[in-house]
Amino acid sequence: HPRHDEDVESLIREGCATIGLPAPAKIEWGSYAFVQGVPPALEFPRMEKHEGRPQYHVRLTFDEFVRGIVAMGAGRHLGYGLFRREC
């Protein structure tokens, strides 16, 4: 789904800009987590307001250091969209 891929990446880039992050150098996303032990995205409860929208796990790579805890996306105030730093 090339068009779908562009739409997802565009939304992720917009989300980064909305919260003041630099543009990511690399965006990876999919149904399965990049962290061992985290369930697939489809196993997380859907937010009622966003029923029908796909949910994905996302990994972002930046060319510059990003400080702090990062929470991004429509569900960031409900515990979704939380990012952790990879060591």
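A polar contact is a pair of N or O atoms within 3.5 Å; within protein, one must be able to donate a hydrogen and the other to accept it, and residues adjacent in sequence count only if both atoms are side-chain atoms. This is a predicted model, where local features need pLDDT of at least 70, side-chain atom pairs count only at pLDDT 80 or more, and totals for chains, interfaces and linings use all residues. Residues are numbered from 1 along each chain as its sequence is written, and side-chain values use heavy atoms, with hydrogens and water left out.

**Stop one: His57.** Select His57, which sits in strand S2 (strands are DSSP runs of E, at least two residues, and helices are runs of H or I, at least four, numbered from the N terminus). The His57 side chain reaches the backbone nitrogen of Ala41 at 3.2 Å and the backbone oxygen of Pro39 at 2.9 Å. His57 counts as buried because its relative accessible area is 14% (buried is under 20%, exposed over 50%, partly exposed in between, with a 1.4 Å probe and protein chains only). Leaving aside neighbours within four places in sequence, its contacts (heavy atoms within 4.5 Å) include Trp29, Tyr32, Phe34 and Phe44.

**Stop two: the core.** Now select Val8, Ile12, Cys16, Leu21, Ile27, Leu60, Val66, Val70, Met72 and Phe83: these ten residues are the largest nonpolar core. Such a core is a set of buried Ala, Val, Leu, Ile, Met, Phe, Trp, Tyr and Cys residues joined through side-chain atoms within 4.5 Å. Helix H1, residues 2–18, gives the most to this core, with three residues. Zoom in on Leu21: not counting residues up to four places away in sequence, Leu21 touches Cys16, Phe62, Val66 and Val70.

**Stop three: Glu86.** Move to the segment after S4 and pick Glu86. Why is Glu86 partly exposed? Its relative accessibility is 42%, so Glu86 falls in that class. A polar contact of 3.0 Å joins the side chains of Glu86 and Arg59.

Before you close the viewer, here is a recap. His57 is buried, Glu86 is partly exposed, and Leu21 belongs to the largest nonpolar core.
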